[in-house]
Amino acid sequence: MIEPPVVEMMIRISLVTFVLLSPSLAQAFCYEPPAPACAQGWTAFANSFEADQCRREVERFEAETTEFGRCQILEMEEKIRRKAGEVEMTIMSFNRRLSM
């Protein structure tokens, strides 16, 4: 018969392993958008169509940059969770060896 503390430890190891190995959206590559080239320059826009088109590119750049920031935060949070899981598994392994 398996002792209750051993069962509890096996469950915790299983959960930590699941967390460490489970894929997440945060692991996806975060796309860093380039600044639109149309916003750079020393001359005026040739016409209102060109200015409006560039305005849309700048707005898209702003939105994509915000999304990039969110993605970076999620990615970092995922790395922190993984490291915390690694620490927990290390402590459990140490405690197991200590109790032998």
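Me: Is Cys71 buried or exposed?
Reply: This is a predicted model. Buried means under 20% relative accessible area. Cys71 has 14% relative accessibility, so Cys71 counts as buried.

Me: Which residue does Cys71 join in a disulfide?
Reply: A disulfide needs two cysteine sulfur atoms within 2.5 Å. Here the S to S distance is 1.9 Å, and the partner of Cys71 is Cys30.

Me: How many residues apart are Cys30 and Cys71?
Reply: Cys30 sits in the loop between helix 1 (4–21) and helix 2 (48–98). Cys71 lies in helix 2. The pair links distant parts of the chain, 41 residues apart.

Me: Is the disulfide of Cys30 and Cys71 left-handed or right-handed?
Reply: Look at the torsion about the S-S bond. For Cys30 and Cys71 it is about -85°, so this disulfide is left-handed.

Me: What is the handedness of the disulfide of Cys38 and Cys54?
Reply: The sulfur atoms of Cys38 and Cys54 are 2.1 Å apart. Cys38 is in the loop between helix 1 and helix 2, and Cys54 is in helix 2. The torsion about their S-S bond is about 90°, so the disulfide is right-handed.

Me: Which pattern do the disulfides follow?
Reply: The chain has 2 disulfides. Count the bonded cysteines along the chain, and the pattern is 1-4, 2-3.

Note on methods:
Residues are numbered from 1 along each chain as its sequence is written. This is a predicted model: local features need pLDDT of at least 70, side-chain atom pairs count only at pLDDT 80 or more; totals for chains, interfaces and linings use all residues. Side-chain values use heavy atoms; hydrogens and water are left out. Helices (H or I, at least four residues) and strands (E, at least two) are DSSP runs, numbered from the N terminus. Buried means under 20% relative accessible area, exposed over 50%, partly exposed in between (1.4 Å probe, protein chains only).
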